[in-house]
Amino acid sequence: MAGIYIHIPFCKHKCTYCDFTSFPDKLGFAEAYMACLYKEIEMRGKQLEKMTFDTVYFGGGTPSVVDPKYIYGAMNQIKKCFHLAKNPEITIEMNPGTVSEQKIATYKRAGINRFSIGLQTAIDSQLEELARIHTVRDYLYATSLLKGENFSADVMIGLKGQTKEDVRKTIEVAAGSGAKHISLYALTPEDGTPIYTDYLNGELPDADEVAEVYDYAYSLLKEKGYRRYEVSNFAKKGYESKHNLNYWKRGEYIGMGLSASSFCCGKRFTNTFNLDEYMKCLLSGFLPVIESEDVKKEDAKFEFIMLALRTVYGISATEYKKAFGTDWKEDFAKAYEKTRDYLSEDGDITRIKDEYLYVQNQILTEYMN
Ligand code: SF4
């Protein structure tokens with residue numbers, strides 16, 4: 001399996017916790033940016049003409065902030081330059097404050113068949129505090145336009161002053177709106193973002209408090225029929241994100257657009273984060289890659305273990321052997337011995353026990369060592 005990721009780096013406003021490559025003040029560059037992106041799609045398409053891609057994902061930034069004709073154009077270009085599998089999963093991220101009936105109609109005409117909507121919280125005062133541009137009403141309006149569609153809602157925990165009752169309300173709104181998939185993320189206060197000050201001031205819940213809220217949210221989601229398939233991702237049966245599953249299975253993906261990263265042909269590489277440089281490179285006929293490295297076998301083995309343990313599917317000894325020709329329990333003998341109490345075994349599959357999945361980082365540290 002292989003995926004295509006397209007980065008749209010524009011937003012209406014910067015959220016207080018955001019450290020993604022996104023610009024709230026450069027929407028005027030959208031047309032020029034998209035022209036360069038089309039060029040990059042063409043150049044990469046030529047290089048990867050032998051590959052088949054199963055998923056396409058428009059992320060950002062806010063892909064839904066640009067004129068939908070550009071998304072339509074990008075999809076046309078992808079169809080023209082890449083070989084897509086039959087019935088590919090094609091997702092677009094949408095901010096509820098930027099959605100309209102006409103945009104959704106254009107996305108569907110472009111072949112988009114999955115929508116990922118950032119609800120974050122169903123408490124308006126918390127949305128305001130995060131400087132999100134939408135209200136709960138906007139979310140309900142956006143999802144009313146997506147009745148019967150395959151859509152996912154993003155929910156955040158670890159917010160300032162957020163109670164379990166707030167989380168319950170948020171999950172009820174997300175589930176009640178018809179989301180087939182819910183992503184549950186804990187806020188990460190990144191250095192340099194406005195919310196980092198709240199973190200330094202001790203105003204954000206600590207790790208234990210967040211873990212307790214996560215467990216609570218997990219039980220609510222389970223009750224509502226969402227099955228956890230990765231530490232932060234829950235879906236109704238058959239609605240798991242194929243695009244993300246490909247990442248966790250160490251499948252190949254090509255990222256295009258500003259700051260996009262790729263894992264393809266045994267290499268990991270990243271595009272520039274500088275908008276000017278991105279456009280200049282493509283206008284001069286060069287790919288805007290700033291970093292590229294061959295993935296060493298030892299790193300590949302660790303990646304395999306780390307990614308597999310994030311999911312409920314766990315490590316398949318057979319798959320590991322097929323990929324590397326060795327036994328993972330021998331390659332990671334020390335770490336395996338140390339973490340055995342946290343693991344469950346089922347035939348050739350080893351996974352983290354359900355109750356420890358949220359604290360998997362501590363377990364994975366052993367494998368890193
Ligand atoms: S909408 Fe997303 S990408 Fe844009 S500023 Fe907010 S968090 Fe960042």
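The legends below describe an overall view and several close-up views of a predicted model.

Local features are reported only where pLDDT is at least 70 and side-chain atom pairs only at pLDDT 80 or more, whereas totals for chains, interfaces and linings use all residues of this predicted model. Residue numbers start from 1 along each chain as its sequence is written.

**Figure 1. Overall view of the protein, with 15 helices and 15 strands.** Helices (H or I, at least four residues) and strands (E, at least two) are DSSP runs, numbered from the N terminus. The radius of gyration, taken over C-alpha atoms, is 21 Å, close to the 21 Å that the globule rule gives for 369 residues, so the protein is as compact as a globular protein of that length. The globule rule is 2.2 Å times the number of residues to the power 0.38. Along the principal axes, the C-alpha atoms fill a box of roughly 55 × 50 × 40 Å.

**Figure 2. Packing of helix α1 (residues 30-47) with helix α2.** The two axes are 9 Å apart, and the helices pack at an angle of about 10°, which makes α1 roughly parallel to α2. Axes are lines fitted to C-alpha atoms, for helices over the stretch in contact, and angles run from 0 to 180 degrees between N-to-C directions. Angles under 35 degrees count as roughly parallel, over 145 as roughly antiparallel, 65 to 115 as roughly perpendicular and the rest as oblique. Residues are in contact if their C-beta atoms, placed from the backbone, lie within 7 Å. On α1 the contact is made by Ala-30, Met-34, Leu-37, Tyr-38, Ile-41, Glu-42 and Gly-45, and on α2 by Tyr-70, Gly-73, Ala-74, Gln-77, Ile-78 and Cys-81. By class, this contact of α1 with α2 has nine nonpolar, three polar and one charged residues. Ala, Val, Leu, Ile, Met, Phe, Trp, Tyr, Cys and Pro count as nonpolar, Asp, Glu, Lys and Arg as charged, and the others, Gly among them, as polar.

**Figure 3. Packing of helix α2 (residues 68-81) with helix α3 (residues 101-110).** The axes of α2 and α3 come within 9 Å and cross at roughly 5°; the two helices are therefore roughly parallel to each other. Pro-68, Lys-69, Ile-71, Tyr-72 and Met-75 of α2 meet Lys-103, Thr-106, Tyr-107, Arg-109 and Ala-110 of α3. The contact of α2 with α3 has six nonpolar, one polar and three charged residues.

**Figure 4. Surroundings of the ligand.** The ligand is surrounded by Cys-11, Lys-14, Cys-15, Cys-18, Phe-20, Ser-22, Gly-60, Gly-61, Thr-62 and Asn-95, a residue being counted if its C-beta atom, placed from the backbone, lies within 6 Å. The shell has four nonpolar, five polar and one charged residues. The peptide bond from Gly-60 to Gly-61 is cis, with omega near 20°, and Gly-61 lies in the loop between β2 (52-60) and α2.

**Figure 5. Hairpin of strands β10 and β11.** Four bridges join β10 (residues 261-264) to β11 (residues 267-271), and the strands run antiparallel. Ser-261 stands opposite Thr-270 in β11. Two residues separate the strands, and Cys-265 in the turn has a positive phi of about 55°.

**Figure 6. Open sheet of three strands in the order β13-β15-β14, with antiparallel pairing.** Two strands pair if DSSP finds at least two bridges between them. The edge strands, each pairing on one side only, are β13 (315-316) and β14 (343-346). Four bridges join β14 to β15 (residues 349-352), where Ile-349 is the bridge partner of Asp-346.

Key: Two residues are in contact if their C-beta atoms, placed from the backbone, lie within 7 Å.
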